[in-house]
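Visitor: Could you pick a single part of this model and walk me through it closely? I'd like the cut-offs too, please.

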Amino acid sequence: MKSNRNYAIYPAQTNIELYEQMLELGFSNEAISRVNDAYLFSMDKVYALYRGSGKPFICHLVGTASLLVSAKQSLELILGALMHALYQNRVPFENFLEIEKRRVIVSEKFGPKVESLIFDYTNFENTNLTDVQLDNPNLKRDIVVLHLADHVEDLLGYSIFLHGNVDDLIDFKGSYLWRKSKYQNEKEAILKLAKHFKVDEWIETIDFWMNFDNYDKLPKNLKTGFSSSVNLLKNDFNKQ
């Protein structure tokens with residue numbers, strides 16, 4: 001039986017929800033097994049990380065993959081989405097293993113195509129979406145789509161509202177007002193890229209979660225005090 005859930009607007013946040021979504025869309029058992037392998041692999045690497053909103057980091061990876069499933073993207077790109085942050089310096093990948101050694105491990109386990117997606121995304125992830133030039137011959141479609149999915153997932157559940165403190169100013173990097181301003185400036189570019197790369201499933205999602213009038217109605221005491229991701233192993237939560 002199919003659920004009535006709109007996974008484009010309310011993407012999966014757990015592995016179980018992701019598998020249910022894939023089953024509903026007709027993915028094979030083999031494909032779901034590979035996604036499970038990627039989930040468990042990432043879970044082992046990011047279990048101590050939380051987003052600035054207090055959301056477990058693994059949920060962000062699942063949500064990003066879920067958006068790609070909803071847009072019917074390739075299995076390789078979905079696998080890449082589940083691991084897209086693993087080369088970031090903040091991720092304690094086997095005691096902060098250097099990037100080249102991480103690449104070897106990922107390539108051996110998931111293949112060079114998936115590994116290349118993660119590596120190329122890591123080099124691209126700090127690119128402002130307003131700066132993306134569609135006529136750039138070196139632009140890689142899957143990397144931009146993955147970057148879009150990562151961006152859109154950050155908005156889910158009003159999560160950016162929870163970043164920082166009540167008295168943060170707009171120029172405090174990572175705060176809610178800073179993030180809100182950034183998204184407002186990027187909205188036109190995000191919609192343009194979604195249409196260009198034919199991930200139309202996300203257009204309604206972008207409009208829905210970029211209605212910031214709803215954010216400002218939330219209780220301000222929900223804020224976490226964190227402007228970026230935190231690591232439980234470093235006792236970051238004790239710094240509030």
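This is a predicted model: local features need pLDDT of at least 70, side-chain atom pairs count only at pLDDT 80 or more; totals for chains, interfaces and linings use all residues.

Guide: What follows is a close look at one helix. Residues are numbered from 1 along each chain as its sequence is written, and side-chain values use heavy atoms, without hydrogens or water.

Our part is helix 8, residues 176-196 (helices are DSSP runs of H or I, at least four residues, numbered from the N terminus). Its 21 residues should span 30 Å at 1.5 Å a residue, and the end C-alpha atoms sit 29 Å apart, which agrees (the expected span is 1.5 Å times one less than the number of residues). Still, helix 8 has a kink of about 50°, centred on Glu-186 (the angle between axes fitted to the seven residues ending there and the seven starting there). Glu-186 is also one of the helix's buried residues, along with Tyr-176, Arg-179, Lys-180, Tyr-183, Ala-189, Ile-190, Leu-191, Leu-193 and Ala-194 (under 20% relative accessible area, 1.4 Å probe, protein chains only). Their cover includes helix 7 (141-153), helix 9 (203-209) and helix 10 (212-215) (contact is heavy atoms within 4.5 Å). After helix 8 comes Lys-198, with a positive phi near 60°.

Helix 8 also gives the most to the lining of the largest pocket, five residues, while helix 3 and helix 7 each supply at least two. Among the lining residues closest to the pocket's centre are Arg-179, Asp-150 and Asp-154 (lining means an atom within 4 Å of a point on a 1 Å grid; a pocket is an open set of points where a 1.4 Å probe fits, with protein on both sides within 12 Å along at least five of seven lines).

Terms used. Buried means under 20% relative accessible area, exposed over 50%, partly exposed in between (1.4 Å probe, protein chains only).
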